[in-house]
Amino acid sequence: MDFIDYYKVLGVEKQATEKEIKQAFRKLARKHHPDLNPDDKAAEKKFKEINEANEVLSNTENRKKYDKYGKDWQHAEQFEQNQAQQRSRSSNQQDFGAGGQGDPDFSDFFESMFGGARGTSGRTRQNMQFKGQDFQAQLELNLTEVYHANSQVLTVNGQKIRLTIPAGIENGQVIKIAGKGEKGANGGPSGDLYIKFIIVNTGKFKRDGNNLYATVDLDLYTAVLGGDITTDTFDGKVKLKVLPGTQNDTKVKLKGKGFPVYKSKSDYGDLILSFRIKIPSKLREDEVKLFQELKNLNENGK
Amino acid sequence: MANKAMILVETLSIHYQVEPKYFRALAAEGIIEIHQFEQADYIDEDKIRHLERILRLQKDLNLDIDSVDIIFTLLNRIEGLNAELNSLRNKIEFYEGE
């Protein structure tokens, strides 16, 4: 456990007045406050640091203790005992109660010196929480897994949660599971669980919203003469008519053969196929002859 | 009321150590909504997270109600832009793979 220089954290001198400490805290808090920087872990970490520094330096008793024992925090215990003796002589001692559980908002150094939120005065950030903490989780699924509604059992903070993921969920989409976060304080409602979905796609179908895209290789002869081919869709094969004279990169749209529309049971996007015409590269002698004939028929290929 | 979970303003007032009139001031500014049933004030349970953000911002940054309201307007815009950004990122990924 390392010593934390709270003056440095707030960027103030050791002799800073209460007002200067408050100003420094507010200035940094305006920049790093987690409510102003949602989903920013770095800002959250920074805010915890400056909040902790403020809890110590803006409280006369904590600051005195920190200034005296800060670098030599192991001896703070003795200081505490002395303080306790002094307090027992005075009446109307305020009981901060609570405590007991470790406070993740504070560092080990702070816990060791001040005993978590108990050591702070007045309304702490803990009092600001009636509804339990929200939990954040991330779930990675393959594109094929979100083509159909998907049942999963997740374990979040030791709690087993069964959920059905609707088909068609997007990469990066976040869904909220109400009441599956931390339990509330004083009978307050439980927090919520937020799950962010990372959809991995390594298959041949590319997804853009509800539409799927794929490239289909087409032999030169079918492209020229037309014909029937069988091609893959996301959920099986389909027979497809190719028109005579189909050009390279011609696109055909297969309506309703795309990805399911999120939370809509019967709607699907489209599948757009692009034809890539394969030109034969190794011709036999008789084939060369026939191509030559074709060329001659068409006035030297014009 | 029958289907919605509501929390008594008085309960919140005790927990957050703020006067009930504070909640009424927020409601008067249209920042939160207070529902009245049998002469008691209630706040939608779904809005508690929002309320706690207001309280934290006011306490930590020493902001007045108007400033908090402006912040939420901007945060909502950021949320909308982030959703758009995510959708555009997915599109870029789509074209980069071509």
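Start by selecting Arg24(B). With 14 C-beta neighbours inside 10 Å, Arg24(B) counts as partly exposed. On this scale a residue is buried if 20 or more other C-beta atoms lie within 10 Å of its own, exposed if 12 or fewer, and partly exposed in between, with C-beta atoms placed from the backbone. Arg24(B) sits in helix α2 (residues 20–28) of chain B. Helices (H or I, at least four residues) and strands (E, at least two) are DSSP runs, numbered from the N terminus.

A quick word on what you're looking at: this is a predicted model, where local features need pLDDT of at least 70 and side-chain atom pairs count only at pLDDT 80 or more, while totals for chains, interfaces and linings use all residues. Residues are numbered from 1 along each chain as its sequence is written, and chains are lettered from A and ligands numbered from 1 in the order in which they are written.

How far apart are the C-alpha atoms of Arg24(B) and Ile34(B)? They are separated by 7.5 Å, and the two residues are 10 apart along the chain.

**The sheet in chain B**

Colour the strands of chain B next. Three of them form an open, antiparallel sheet in the order β1-β3-β2. Strands count as paired if DSSP finds at least two bridges between them. At the edges you'll find β1 (6–8) and β2 (34–37) of chain B, each pairing on one side only. From one strand to the next, the twist averages 45°.

Zoom in on β2(B) and its partner β3 (residues 40–44) of chain B: four bridges hold this antiparallel pairing. Pick Phe37(B) and look across to β3(B), where Ala40(B) stands opposite.

**Over to chain A**

Show chain A as a cartoon and you'll have eight helices and 11 strands to explore. Of its 302 residues, 20% count as buried. Take the contacts in chain A between residues at least 6 apart in sequence: 50% of them join residues at least 24 apart. A contact here means that the two C-beta atoms, placed from the backbone, lie within 7 Å.

Where do the chains meet? Here, 21 residues of chain A are in contact with 23 residues of chain B. On the chain A side, α2 (18–32) and β6 (206–208) each supply at least two residues. The largest share, three residues, comes from α2(A). Sorted by class, that side of chain A has five nonpolar, seven polar and nine charged residues. For this sorting, Ala, Val, Leu, Ile, Met, Phe, Trp, Tyr, Cys and Pro count as nonpolar, Asp, Glu, Lys and Arg as charged, and the others, Gly among them, as polar.

Angles under 35 degrees count as roughly parallel, over 145 as roughly antiparallel, 65 to 115 as roughly perpendicular and the rest as oblique. Axes are lines fitted to C-alpha atoms, for helices over the stretch in contact, and angles run from 0 to 180 degrees between N-to-C directions.

Before moving on, click Asp39(A) in the loop between α2 and α3 of chain A. Asp39(A) is not a glycine, yet has a positive phi of about 65°. Buried or exposed, which is Asp39(A)? Exposed, with 12 other C-beta atoms within 10 Å.

Next comes helix α4 (residues 60–69) of chain A, which packs against α3(A) at an angle of about 100°, with the axes 6 Å apart. That makes α3(A) roughly perpendicular to α4(A). Glu55(A), Val56(A) and Leu57(A) in α3(A) meet Asn62(A), Arg63(A) and Tyr66(A) in α4(A).

**Last stops**

Select the open sheet β1-β5-β4 of chain A, three strands with mixed pairing. Its edge strands are β1 (135–142) and β4 (174–177) of chain A. Four bridges join β4(A) to the antiparallel β5 (residues 193–200) of chain A, and Ile175(A) stands opposite Ile195(A) in β5(A).

Finish at Lys263(A), in the loop between β10 (251–254) and β11 (271–278) of chain A. Lys263(A) has a positive phi of about 60° although it is not a glycine.
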